[in-house]
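Morning, everyone. I have one model to walk through, so let me put it on the screen.

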Amino acid sequence: MIRSHVAPHRPNGTAKTFFALQVILSLHLLIGFQQGISAEQGKSDRPPNIVMIAIDDLNDWVEPLAGHPDVQTPAMQRLADRGLTFTNAHCQAPLCNPSRTSLMTGKRPTSTGVYGLRPWIRSVPDLANLVTLPQHFARHGYQTLIGGKIYHGGNGRGKGRGKQVEAECDIWGPNASVGVRPKAKLIPATPGGNHSLMDWGTFPHEDEDKGDWKVASWAVDQIDQMGTDKPFFLSVGFFLPHVPCYATQKWFDLYPNETLTMPPIIKGDRDDTPASSWYIHWDLPEPRTSWLEQNNQLRPLVRSYLACISFVDSQVGRVLDAVERSPQADNTIVVLWSDHGYHLGEKAISGKNSLWRHSTRVPLIFAGPGIPSGKTCQQPAELLDIYPTLTGLTGLPQAVGQEGLSLQPQIEAPDTLRQRPAICTHNAGNHSVCDNRWRYIRYADGAEELYDRSKDPQEHANLLSHDKSHDKSHDKSHDKSHDKSHDKVDPAHRAVADSLAKWLPTDERPLAPGSAARILEKRNDGFYWQEKKILPENLVD
């Protein structure tokens, strides 16, 4: 048998190269696929970043809360459109230091004794070891950064600020400031010493000259340069619309004087409020409405406040732009809040330091992964709830001793009922309680107020007042259903008040050591404002 011999096939050089390239390409694809899986796993396993935006003295005059018909806040509305807005959110104190202390520690003012503009918690031995919100996140692997006004004033910065147990944050940005100011005040001398902060209006300057511009620029730089080796918690605090309310002309142009809508101000609106309602803002640099009207400054103040709101909204927009273009945008939670509101002539005052809606109702918006878009929640919420809510949203263990309640149930389902109302305190013994419909107020002497916010959203008619003979009409369109026409308190209203009163604090801590500035005390012989006894006959209304 003859066997044929067939030589085995041997690839030539071109074929060898082709096969080699196929092997290399397959290896690259396999490695890339595995890396992609690892990256996705790392992305899903890594907790979300936090950008927390705080705005000073901002009431509900923002588009998401519809507190003023003229206001233009497109950036905040943009955030609301992609997040959840709590429309019934309230501060725990209508004053910077106690409000921010409460939010950042998760403790009520009645638990810390911090009721005034001083002290700073680290200067009080019993409070020096409280773990603040950024510290809690730092302990769990976050890089923490603070720029602008997060704590009151310069608290937490530098040395000599009290007992420093651990750093307040990893990186400090610029402090809060108004920025450039005119050479002289723009308004007439104000009562109470013509305080330098009591000023508003416009003068030649640029937006870039303002402190809030510098804070926003710093925040944008941090976001743009942020590494991906660890999650971050960036706190950005804006100063405006805190007085002095200065803005450049272009922001005033948004609110022409000829068409400016003024807030609903009623003559005699304090006739049915108790004397002690005056004691909690007894002697302040913020002018009374009577002075504003006599000096033709009410309208300029309203216009300046609105202009400053729109300016600071533009700075919020710059920060949001940086977040949205960041490669970490899909894994970043944004929360925006204000420390308390501000009166613009309502209830006969300007400023804060009251227990009515103008001082307590604040913006509170969450947006980011796991948060519904374009939704609102009408359940009562407290700034105190931010600490446990952010902790829960990021999957961290809750800090010990938190007094707030996580808002996660409402974030997951905005209609979820919340049993606890929102409680605001201004000095010991003075509290407001808000549920879905009512506001109940009790002062340190036992005097009370009750407002049906479903019918009287501006809280003009105290339903617990025994003086109901006057008519609070301020124009022909006034709703007469809000007038007082009965000689005694309706039993149904009494029952509502008694029900809400059950939520009042029962164990109130006395003033913390070093307390000062806007302090009211009820002593055996009467009320004392900043150590001076109040004489009711000296009331300036």
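By class, how many nonpolar, polar and charged residues does the lining of the second largest cavity have? Five nonpolar, three polar and no charged. Nonpolar here covers Ala, Val, Leu, Ile, Met, Phe, Trp, Tyr, Cys and Pro; charged covers Asp, Glu, Lys and Arg; the others, Gly among them, are polar.

Some ground rules. This is a predicted model, where local features need pLDDT of at least 70 and side-chain atom pairs count only at pLDDT 80 or more, while totals for chains, interfaces and linings use all residues. Residues are numbered from 1 along each chain as its sequence is written, and side-chain values use heavy atoms, with hydrogens and water left out.

Back to the cavities. The structure holds two of 30 Å³ or more. A cavity is a set of points, on a 1 Å grid over the protein atoms alone, where a 1.4 Å probe fits but cannot get out; lining residues have an atom within 4 Å of a point. Volume is the space filled by probe spheres set on the points, which are joined across faces, edges and corners. The second largest cavity comes to about 30 Å³. Its lining is Val51, Ile223, Phe232, Val323, Ser326, Gln328, Ala329 and Thr332.

Ile223 and Val323 also turn up in a helix contact, between α6 and α10. Helices are DSSP runs of H or I, at least four residues, and strands are runs of E, at least two, numbered from the N terminus. The axes of α6 (211-225) and α10 (298-325) come within 9 Å and cross at roughly 5°. Axes are lines fitted to C-alpha atoms, for helices over the stretch in contact, with angles from 0 to 180 degrees between N-to-C directions. That makes α6 roughly parallel to α10, a label for angles under 35 degrees. Contact means heavy atoms within 4.5 Å. By class, this one has ten nonpolar, two polar and four charged residues.

Now strands. Two of them pair if DSSP finds at least two bridges between them. β2 (83-86) pairs antiparallel with β12 (364-367) over three bridges. β2 also runs parallel to β13 (375-377), again with three bridges. Leu84 sits in both pairings: its partner is Phe366 in β12 and Lys375 in β13.

Last, an open sheet of four strands. The order is β15-β16-β17-β18, paired antiparallel. β15 (422-425) and β18 (448-452) are the edges, each pairing on one side only. Neighbouring strands are turned by 15° on average, direction ignored.

Conventions
Angles under 35 degrees count as roughly parallel, over 145 as roughly antiparallel, 65 to 115 as roughly perpendicular and the rest as oblique. On a 1 Å grid over the protein atoms alone, a cavity is a set of points where a 1.4 Å probe fits but cannot get out, and a pocket is an open set with protein on both sides within 12 Å along at least five of seven lines; lining residues have an atom within 4 Å of a point.
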